[in-house]
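Welcome! Have the view ready, and try each task before you read its solution.

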Amino acid sequence: MDVLLFWSASFALLCFAVAMGCAALRVVRGPTAQDRVLGLDAMYIQGMLIMLVFGIRSGTGVYFDIALLIALFGFVGSTALAKFLLRGEVIEP
């Protein structure tokens with residue numbers, strides 16, 4: 001692997017880890033439930049981006065599949081949490 005690509009991927013991983021730490025702080029200290037949901041959204045996006053950078057660094061396709069699953073489950077979870085906060089129930093009778 002090229003040295004420049006290795007160091008840029010390492011810097012990107014560091015930035016994504018710092019961003020995930022800030023989002024985790026928002027989940028823990030968020031004054032409202034909406035702030036906590038927003039922090040969880042940011043955390044799953046950062047997790048997906050970390051998996052993509054790992055895939056670029058390693059050159060294998062398995063990390064891209066994991067990133068796709070994280071994005072899919074994160075979107076479904078965010079939608080369910082938003083509906084629960086809005087209406088108080090996820091599945092309507």
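Two residues are in contact, or touch, when they have heavy atoms within 4.5 Å. This is a predicted model, where local features need pLDDT of at least 70 and side-chain atom pairs count only at pLDDT 80 or more, while totals for chains, interfaces and linings use all residues. Residues are numbered from 1 along each chain as its sequence is written, and side-chain values use heavy atoms, with hydrogens and water left out.

**Exercise 1.** Find which residues A9 touches, not counting residues up to four places away in sequence.

*Solution.* Start at A9 and set aside neighbours up to four places away in sequence. What remains is V53 and R57.

**Exercise 2.** Describe the order of the elements and the overall spread of the chain.

*Solution.* First, count the elements: the chain has three helices and zero strands. Helices (H or I, at least four residues) and strands (E, at least two) are DSSP runs, numbered from the N terminus. Next, read them off from the N terminus: α-α-α. The radius of gyration is 16 Å, well over the 12 Å that the globule rule gives for 93 residues, so the chain is more spread out than a compact globule. Here the radius is taken over C-alpha atoms, and the rule is 2.2 Å times the number of residues to the power 0.38. Finally, the C-alpha atoms fill a box of roughly 55 × 30 × 10 Å along the principal axes.

**Exercise 3.** Work out which residues form the largest nonpolar core, and which element gives the most to it.

*Solution.* Begin with the term: a nonpolar core is a set of buried Ala, Val, Leu, Ile, Met, Phe, Trp, Tyr and Cys residues joined through side-chain atoms within 4.5 Å. Buried means under 20% relative accessible area, exposed over 50%, and partly exposed in between (1.4 Å probe, protein chains only). The largest core has seven residues: A9, L13, M48, I50, M51, V53 and A67. Helix 1 (3-29) and helix 2 (33-58) each give two or more of them. Helix 2 gives the most, with four residues.

**Exercise 4.** Decide for A42 and for G55: buried or partly exposed?

*Solution.* Take A42, in helix 2: its relative accessibility is 28%, so A42 counts as partly exposed. Now take G55, also placed in helix 2: with a relative accessible area of 2%, G55 is buried. Leaving out residues up to four places away in sequence, G55 touches T60, Y63 and F64.
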